[in-house]
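The sequence and structure are shown below.

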Amino acid sequence: MRKVVLCFTLLALMLSFTTVAFAGQQDFVLVNKSGVDIHYVFISPHDYDDWGEDVMGRDILENGDSVKIVFRPGTKATYWDIRVEDMRGNILEWERFNLKEISKITLKPKGYADWE
């Protein structure tokens with residue numbers, strides 16, 4: 001019985017490490033301190049001409065809130081651009097975030113951003 005429990009414990013540990021290994025290197029937390037609620041967030045590789053789909057779906061990133069942006073395993077691009085839009089259609093864009101080195105981006109008023 002101890003061998004069975006030990007095997008299941010080892011299997012669970014291996015699976016948890018596998019999940020971490022397959023997380024996207026570009027995953028990051030987006031913090032909204034812009035002063036307005038953000039209705040749309042688009043994230044695109046820097047060398048693409050298309051923004052693709054809104055990563056927020058039906059959700060809104062309210063001022064003061066944050067959201068974790070998760071990439072598919074195997075995503076290759078290093079540099080990414082971000083575009084946000086508020087309820088009135090005002091748009092702000094930032095370019096060339098190295099998401100392999102950045103884990104948190106804070107959007108601030110007047111189009112400023114901090115990252116770490």
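## Salt bridges and strand pairing

Aspartate 114 counts as partly exposed, at 39% relative accessibility. In this predicted model, aspartate 114 forms a salt bridge with lysine 108, and the closest N and O atoms are 2.8 Å apart. Lysine 108 is likewise partly exposed, with a relative accessible area of 32%.

The structure holds two salt bridges. The other joins arginine 83 to glutamate 93, with 3.2 Å between the closest N and O atoms. Arginine 83 belongs to strand E4 (residues 79-86) and glutamate 93 to strand E5 (residues 91-98), so this pair ties together parts that are ten residues apart in sequence. Arginine 83 is buried, having a relative accessible area of 18%, which is under the 20% cut-off. Glutamate 93, by contrast, is partly exposed at 43%.

| Salt bridge | Closest N and O atoms |
|---|---|
| Arginine 83 and glutamate 93 | 3.2 Å |
| Lysine 108 and aspartate 114 | 2.8 Å |

Strand E6 (residues 104-107) pairs with strand E1 (residues 28-32) in the parallel sense over four bridges; here isoleucine 105 is the bridge partner of leucine 30. E6 is also joined to strand E7 (residues 113-115) by three bridges, and these two strands run antiparallel. Within that pairing, leucine 107 stands opposite alanine 113. Five residues separate E6 and E7 in their hairpin, and lysine 110 in the turn has a positive phi of about 65 degrees.

On the surface, Asp47, Asp49, Asp50 and Glu53 gather in a patch of negative charge. Aspartate 50 lies in the loop between strand E2 (38-45) and strand E3 (66-69), and counts as exposed at 56% relative accessibility.

Definitions and conventions:
Residues numbered from 1 in each chain as written. Predicted model: local features only at pLDDT ≥ 70, side-chain atom pairs only at ≥ 80, totals over all residues. Heavy atoms only, no water. Patch = residues over 30% accessible without salt bridge, like charges linked within 9 Å, V, L, I, M, F, W, Y side chains within 5 Å. Areas by Shrake-Rupley, 256 points an atom, 1.4 Å probe, with all protein chains shown as cover. Salt bridge = Lys/Arg side-chain N within 4 Å of Asp/Glu carboxyl O. Lys, Arg positive; Asp, Glu negative; His and termini not counted. Charge placed at Lys NZ, Arg CZ, Asp CG, Glu CD. Buried < 20%, exposed > 50% of the residue type's maximum accessible area, 1.4 Å probe, protein only. Pairing = 2+ DSSP bridges.
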